[in-house]
Amino acid sequence: VAKQGETYWVGSETGTLWGVHSNGTVTSSVNLSGALRHAPLVVDHRLLLHVQEAASSSLYVYNTTAASLERIAKLGGSPAVPLQLDQTFVFGDSQGLTTVRCGQQCLIVDSLPTWVNGEMAIVSGNQVFAPVNTLEGGWLTAQLNETGEFANVEQFRTPYDGYGTSAPIE
């Protein structure tokens, strides 16, 4: 669930995004191309939505004022729980990591091939940790620079690696 003003936004496995006023009245509903498994990310009068489809996913910007939906990227399946660092957003899926920056428009900034489907974390201000969800497992770490690009990308392993979906907490 994401809160924007007096409206709570929640998605469903059947592909509907619901806007519910704090008094309980449904104020908006939007039909999506697939399941919304994680809360929308609020960017002023917009929502970023990572929608799971049959074999892939789509990243949408929903303008809540104009009630308009725009797809900005076709990504891999099994979306991870997204992250936000100021106006930079990090999305993970079975194709990799993708960063988006929002100003007047929300635009794709960078992508990094890997396989991340779980919970990522931002530690030490701008360091992303993401579990690599493969048989070999391991961890991917990258810094986000001031423009939203990935820098100092490293992958490391531990004796306990395998399929992983949880990142450390700062």
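## Strands and overall form

Helices (H or I, at least four residues) and strands (E, at least two) are DSSP runs, numbered from the N terminus. By that reading, the protein chain has 16 strands and zero helices. This is a predicted model, in which local features need pLDDT of at least 70 and side-chain atom pairs count only at pLDDT 80 or more, while totals for chains, interfaces and linings use all residues. Residues are numbered from 1 along each chain as its sequence is written, and side-chain values use heavy atoms, with hydrogens and water left out.

Taken along the principal axes, the C-alpha atoms of the protein chain fill a box of roughly 50 × 30 × 25 Å. The radius of gyration is taken over C-alpha atoms, and the globule rule is 2.2 Å times the number of residues to the power 0.38; the chain has 16 Å, which agrees with the value near 15 Å that a compact globule of 170 residues would have. Of the 170 residues in the protein chain, 49% are buried, where buried means under 20% relative accessible area, exposed over 50%, and partly exposed in between (1.4 Å probe, protein chains only). Where contact means heavy atoms within 4.5 Å, 37% of the contacts between residues at least 6 apart in sequence join residues at least 24 apart.

## The disulfide

The structure holds one disulfide, a term for a pair of cysteine sulfur atoms within 2.5 Å. This disulfide joins Cys102 to Cys106, with an S to S distance of 2.1 Å. The link of Cys102 and Cys106 is right-handed, with 115° about the S-S bond, and both Cys102 and Cys106 are buried.

## The largest pocket

On a 1 Å grid over the protein atoms alone, a cavity is a set of points where a 1.4 Å probe fits but cannot get out, and a pocket is an open set with protein on both sides within 12 Å along at least five of seven lines; lining residues have an atom within 4 Å of a point. Grid points are joined across faces, edges and corners, and a volume is the space filled by probe spheres set on the points.

The largest pocket has a volume of about 170 Å³, and its lining includes Arg46, Tyr62, Glu70 and Cys106. Strand 7 (57-63), strand 8 (68-75) and strand 12 (106-113) each supply at least two residues of this lining, and the largest share, four residues, comes from strand 8. The lining divides into six nonpolar, four polar and two charged residues, where Ala, Val, Leu, Ile, Met, Phe, Trp, Tyr, Cys and Pro count as nonpolar, Asp, Glu, Lys and Arg as charged, and the others, Gly among them, as polar.

## The cavity

The count comes to one cavity of 30 Å³ or more, and about 40 Å³ of space lies in the largest cavity. Residues that line the largest cavity include His38, Pro40, His50 and Phe91. Strand 6 (residues 46-52) gives the largest share of this lining, three residues, and by class the lining has eight nonpolar, two polar and no charged residues.

Ala55 is placed in the loop between strand 6 and strand 7, and counts as exposed at 73% relative accessibility.

Ser78, in the loop between strand 8 and strand 9 (83-85), has a positive phi of about 55° although it is not a glycine, and Ser78 is partly exposed, with a relative accessible area of 39%. Ser124 lies in the loop between strand 13 (121-123) and strand 14 (127-131); Ser124, not a glycine, has a positive phi of about 50° and counts as exposed at 58% relative accessibility.
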